[in-house]
Amino acid sequence: KGYRVSAGRDKKQFESLAFQANDVVTGVNGIELTDPGKAMELYRVMRSAEEASFNVLRGGDPVTLTVGLGGATDSP
């Protein structure tokens, strides 16, 4: 179904990304997180991404959070 997220030690950063406690992330940049085999695809896509779009279930309702990544670049 996805991955439940929580603030952990850095609550300010967590909130700055617009996440809330118990959000369930179901996808990132169009890649569904229902299959652990998608991890390599997600890693490849995120290496050069300039923004991340998270599909989230919040209280059972779908929400999309978009976060700028500060001009991430592809590194060797």
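Keep in mind from the start that the model is predicted. The chain averages a pLDDT of 85, and 91% of the residues score at least 70. One stretch calls for care: over residues 71-76 the pLDDT stays under 50, and the model has 10 contacts there beyond four places in sequence. Where pLDDT is low, the predicted coordinates should not be read in detail.

Let us look at the strands it pairs with. Strand β1, residues 3-4, is joined to β2 by two bridges, and the two run antiparallel. If you find Arg-4, you can look across to its bridge partner in β2, Val-24. Strand β4, residues 51-58, also runs antiparallel to β2, and four bridges join them. Strand β3, residues 31-32, is another antiparallel partner of β2, this time with two bridges.

Gly-27 is a handy landmark here. Its bridge partner in β4 is Asn-55, and its bridge partner in β3 is Glu-32. Between β2 and β3 the chain forms a hairpin with two residues between the strands, and in this hairpin Asn-29 takes a positive phi near 50°.

In soluble globular proteins, nonpolar side chains tend to be buried together. The largest nonpolar core in this model has 12 residues in all, including Phe-14, Phe-19, Val-25, Leu-33, Phe-54 and Val-67. Strands β2, β4 and β5 (61-68) each supply at least two residues of this core. Which strand gives the most? That is β4, with three residues.

Val-25 belongs to the core, and, leaving out residues up to four places away in sequence, Val-25 touches Gly-2, Tyr-3, Val-5, Phe-19, Leu-33, Phe-54, Asn-55 and Val-56. Val-67 lies in strand β5. With a relative accessible area of 11%, Val-67 is under the 20% cut-off and so counts as buried. Beyond its neighbours within four places in sequence, Val-67 is in contact with Leu-17, Glu-51, Ala-52 and Phe-54.

For a contrast, visit Ala-21, in the loop between α1 (11-16) and β2. Is Ala-21 buried or exposed? Its relative accessible area is 58%, over the 50% cut-off, so Ala-21 is exposed. Not counting residues up to four places away in sequence, Ala-21 touches Val-5 and Phe-14. Ala-21 and Val-45 are 24 residues apart along the chain, and their C-alpha atoms are separated by 26 Å.

The last stop is the charged side chains. Side chains of opposite charge can pair when their charged atoms come close. How many salt bridges does a search of the whole structure find? It finds three.

One of them joins Lys-11 and Glu-15, whose closest N and O atoms are 3.9 Å apart. Both residues lie in helix α1, four residues apart, which is about one turn of the helix. Lys-11 counts as exposed at 53% relative accessibility, whereas Glu-15, at 46%, is partly exposed.

Another salt bridge pairs Arg-58 with Asp-23, with the closest N and O atoms 2.8 Å apart. This pair links distant parts of the chain, since Arg-58 is in strand β4 and Asp-23 is in the loop between α1 and β2, 35 residues apart. Arg-58 is partly exposed, with a relative accessible area of 21%, but Asp-23 counts as buried at 1% relative accessibility.

The remaining pair is Lys-38 and Glu-41, where the closest N and O atoms are 3.6 Å apart. Lys-38 counts as partly exposed at 33% relative accessibility, and Glu-41 is partly exposed too, with a relative accessible area of 31%.

Conventions:
Residues are numbered from 1 along each chain as its sequence is written. This is a predicted model: local features need pLDDT of at least 70, side-chain atom pairs count only at pLDDT 80 or more; totals for chains, interfaces and linings use all residues. Side-chain values use heavy atoms; hydrogens and water are left out. pLDDT is the predictor's confidence in each residue, from 0 to 100. Contact means heavy atoms within 4.5 Å. Two strands pair if DSSP finds at least two bridges between them. A nonpolar core is a set of buried Ala, Val, Leu, Ile, Met, Phe, Trp, Tyr and Cys residues joined through side-chain atoms within 4.5 Å. Buried means under 20% relative accessible area, exposed over 50%, partly exposed in between (1.4 Å probe, protein chains only). A salt bridge is a side-chain nitrogen of Lys or Arg within 4 Å of a carboxyl oxygen of Asp or Glu.
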